[in-house]
Amino acid sequence: MIETVKLTVKLSNFYKMPLINKVLSLALLIYIAIFSAYSLTNFPPLQVQNNVYGFTTDFINLIVIIFLFWMVQCSELSKKAYIFSSFGLLLWSIGTTADVLDELVVQPYWISIYFEDLCRTSGMLLTSYGLFKTMRFVQSINNRLARELIIDDLTKVHNRRYFYQHAKDAQHSPYVILIIDIDHFKMINDEFGHDVGDVMLKELATKYDNAFTHQNKFARLGGEEFGGYLPTNNMTQACDFSQQLIDLAHTINIQNSRHLTVSIGVAMQTPNEPLDKVMKRADQALYLAKKSGRDRFEIAP
Ligand SMILES: Nc1nc2c(ncn2[C@@H]2O[C@H](COP(=O)(O)OP(=O)(O)OP(=O)(O)O)[C@@H](O)[C@H]2O)c(=O)[nH]1
């Protein structure tokens, strides 16, 4: 099953966020307001005009860190990434607030040196780890989506997208295409139920996937139809392999009442023939195999 992945960073999302995000943001703003008011009223003032440059840069730093904190609150990150980034930026803003006020008043030594630097440094460390966790989170989503893009959901073998891409990219010429179709699959579904049909599809796909070794590729093209890609110019080998696949289907029992059969269309690429044409010829050969009684393979002329 594809699990829904939420990954949004939208500042307007804040109002939809859990209470904890809002409480944390409010706590930060209240802390900054109280600490600033306390410092400005209790510590000896400095000449602001002598520190305009320092005050401006520190103030911009603070605004940027608060903005980053806000962005984290509005993002849907993994739990660890959220916790580390939030608390890191919280500490970092607390340290930077002290840094800004440092330019306006004479702070006690323990604030201007120890408290400020400790908060800022530990904040930076936690934020960096939160960023690392965020990147790992994005990477894991990316890897999972990339995998899901080429894997068939039901049978877990490669899907049609992978098959066509591989056949186009492989650049082996000539190659052989097999189109493999389960016989009377509708009857199996009708007689035994759709769930039994699904089990048959999975069982056949797993067995065939194991049979396609080395450079040979196998995929579910859709429904009860599968594709095979053999980078070979040896038609005898391709025919022997097709017969092996037909025999392999016979080893699968449908509820111990009868075995599965498949029909296969085989087509070898002619010089410079595009993939869709080879597929079409393989499909025509499959149609012939069906018409000739099924449980067999036919070679496209
Ligand atoms: N259980 C199951 N059935 C599926 C799935 N995808 C397609 N089918 C069924 O496969 C059947 C294909 O039927 P047809 O195209 O008539 O082919 P067939 O009955 O195999 O007949 P021939 O190919 O002529 O031998 C349909 O009944 C589809 O509903 C699936 O994922 N699971």
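## Asp183 and Lys290

Asp183 is buried at 4% relative accessibility, where buried means under 20% relative accessible area, exposed over 50% and partly exposed in between, with a 1.4 Å probe and protein chains only. Lys290 is buried too, with a relative accessible area of 17%. The side chains of these two residues, Asp183 and Lys290, meet in a salt bridge at 2.9 Å, N to O. A salt bridge here is a side-chain nitrogen of Lys or Arg within 4 Å of a carboxyl oxygen of Asp or Glu. Asp183 lies in the loop between strand E2 (176-182) and helix H6 (185-192), and Lys290 in helix H9 (residues 275-291), so the pair ties together parts that are 107 residues apart in sequence. Helices (H or I, at least four residues) and strands (E, at least two) are DSSP runs, numbered from the N terminus.

## Basis of the values

The model is predicted: local features need pLDDT of at least 70 and side-chain atom pairs count only at pLDDT 80 or more, while totals for chains, interfaces and linings use all residues. Residues are numbered from 1 along each chain as its sequence is written, and side-chain values use heavy atoms, with hydrogens and water left out.

## Other salt bridges

Over the whole structure, a search finds 12 salt bridges. One of them joins the side chains of Arg120 and Asp99, at 3.0 Å from N to O. This pair links distant parts of the chain, with Arg120 in helix H4 (residues 109-150) and Asp99 in helix H3 (residues 79-101), 21 residues apart. Asp99 is buried, with a relative accessible area of 9%, whereas Arg120 counts as partly exposed at 21% relative accessibility.

Another salt bridge is formed by Arg258 and Glu191, whose closest N and O atoms are 3.1 Å apart. Arg258 is in strand E6 (residues 258-259) and Glu191 in helix H6, 67 residues apart, and this pair also links distant parts of the chain. Arg258 counts as partly exposed, at 32% relative accessibility. Salt bridges that share partners join Asp99, Glu116, Asp117 and Arg120 into one network.

## Surroundings of the ligand

The ligand is surrounded by 17 residues, the closest being His184, Phe185, Lys186, Asn189 and Asp198; a residue counts as near a molecule or strand if one of its heavy atoms lies within 4 Å of it. The shell divides into four nonpolar, five polar and eight charged residues. In this division Ala, Val, Leu, Ile, Met, Phe, Trp, Tyr, Cys and Pro count as nonpolar, Asp, Glu, Lys and Arg as charged, and the others, Gly among them, as polar.

A polar side-chain atom of Asp198 lies 2.7 Å from a ligand nitrogen atom. On the oxygen side, a polar side-chain atom of Arg220 lies 2.9 Å from an oxygen atom of the ligand, and a polar side-chain atom of Arg294 lies 2.9 Å from an oxygen atom of the ligand. The protein covers 66% of the 670 Å² of accessible area that the ligand has on its own, with areas taken from the Shrake-Rupley method and a 1.4 Å probe. E2, H6 and helix H7 (194-211) are the elements that give two or more residues to the shell. H7 gives the most, with four residues.

## Ile20

Ile20 has its place in helix H1 (residues 19-42). Ile20 counts as exposed, at 52% relative accessibility. The C-alpha atoms of Ile20 and Gln73 are separated by 9.2 Å, the two residues being 53 residues apart along the chain.

Definitions and conventions. A polar contact is a pair of N or O atoms within 3.5 Å; within protein, one must be able to donate a hydrogen and the other to accept it, and residues adjacent in sequence count only if both atoms are side-chain atoms.
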